[in-house]
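Welcome, and thanks for taking a look at this one with me.

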Amino acid sequence: MSHSSFSVERKLLSKKSTKDNRLEMATAVDPSGDPIPSSAVLTASSKHIGLRCQHENVEFLKCKQKDPNPEKCLDKGRQVTRCVLGLLKDLHQKCTKEMDEYVGCLYYHTNEFDFCRKEQQAFEKTCPLN
């Protein structure tokens, strides 16, 4: 095998394995079913988080405005975290395939929405905002 054909073959294999790995590496939950709040997962579900966890987020922000001491708002922060993790688990159970494909695309494209509109539409169709 010549050097140039080896190089082309290696690039093709590398491209194929990268595409296959993007879904494996960017799932929304760990093997036990607990959410993994990676940047791609949080980006994919940001609209849902904004709606479902709005109350908890507003209460946390009010607390922070009232008292900048981080210790004073730990409970409010835990409530936000609990809400988000519960939402991620719900979303992944309701639309596993679509969420994993959207998260995988965002992961692969470094959270660039423009490259993942097809996956975003499928995800939001299966798990609509409400």
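1. A word on how the chain is connected. Taking the contacts between residues at least 6 apart in sequence, 64% join residues at least 24 apart. Please keep in mind as you read on that this is a predicted model.

2. Now for the overall make-up. The protein chain has 7 helices and 0 strands, so that the order of elements from the N terminus reads α-α-α-α-α-α-α. The chain counts 130 residues, and 28% of them are buried.

3. How far can you trust the coordinates? The mean pLDDT of the protein chain is 82, with 78% of the residues at 70 or more. Among the elements, helix 4 has the highest mean pLDDT, 97, while helix 1 (residues 3–25) has the lowest, 41.

4. Where pLDDT is low, the predicted coordinates should not be read in detail.

5. The crossing of helix 4 past helix 5 is left-handed.

6. Which residues of helix 4 and helix 5 make the contact? Helix 4 brings Glu56, Asn57, Glu59, Phe60 and Cys63, and helix 5 brings Lys76, Gly77, Gln79, Val80 and Cys83. Sorted by class, this contact has 4 nonpolar, 3 polar and 3 charged residues.

7. Staying with this pair, have a look at Gln54. Gln54 belongs to helix 4 and is partly exposed, with a relative accessible area of 47%. Between Gln54 and Cys83 there are 29 residues' distance in sequence and 9.5 Å in space, C-alpha to C-alpha.

8. Next comes the pair of helix 6 (96–108) and helix 7 (117–126). These two pack with axes 8 Å apart, at an angle of about 150 degrees. That angle makes helix 6 roughly antiparallel to helix 7, and the crossing of helix 6 and helix 7 is left-handed.

9. On the helix 6 side, the contact is made by Glu98, Met99, Glu101, Tyr102 and Cys105; on the helix 7 side, by Glu119, Gln120, Ala122, Phe123 and Thr126. By class, the contact of helix 6 with helix 7 has 5 nonpolar, 2 polar and 3 charged residues.

10. Finally, do visit the loop between helix 6 and helix 7, where you will find Thr110 and Asn111. Thr110 is not a glycine, although its phi is positive, about 50 degrees. Asn111 is not a glycine either, and has a positive phi of about 60 degrees.

11. Asn111 is partly exposed, its relative accessible area being 23%.

Terms used
Residues numbered from 1 in each chain as written. Predicted model: local features only at pLDDT ≥ 70, side-chain atom pairs only at ≥ 80, totals over all residues. Heavy atoms only, no water. Left-handed = near helix turned anticlockwise from the far one by under 90°. Helix = DSSP H or I, 4+ residues; strand = E, 2+ residues; numbered from the N terminus. Contact = heavy atoms within 4.5 Å. Nonpolar A, V, L, I, M, F, W, Y, C, P; charged D, E, K, R; others polar. Buried < 20%, exposed > 50% of the residue type's maximum accessible area, 1.4 Å probe, protein only. pLDDT = per-residue confidence, 0-100. Axes fitted to C-alpha atoms, helices over the stretch in contact; angles between N-to-C directions. Parallel < 35°, antiparallel > 145°, perpendicular 65-115°, else oblique.
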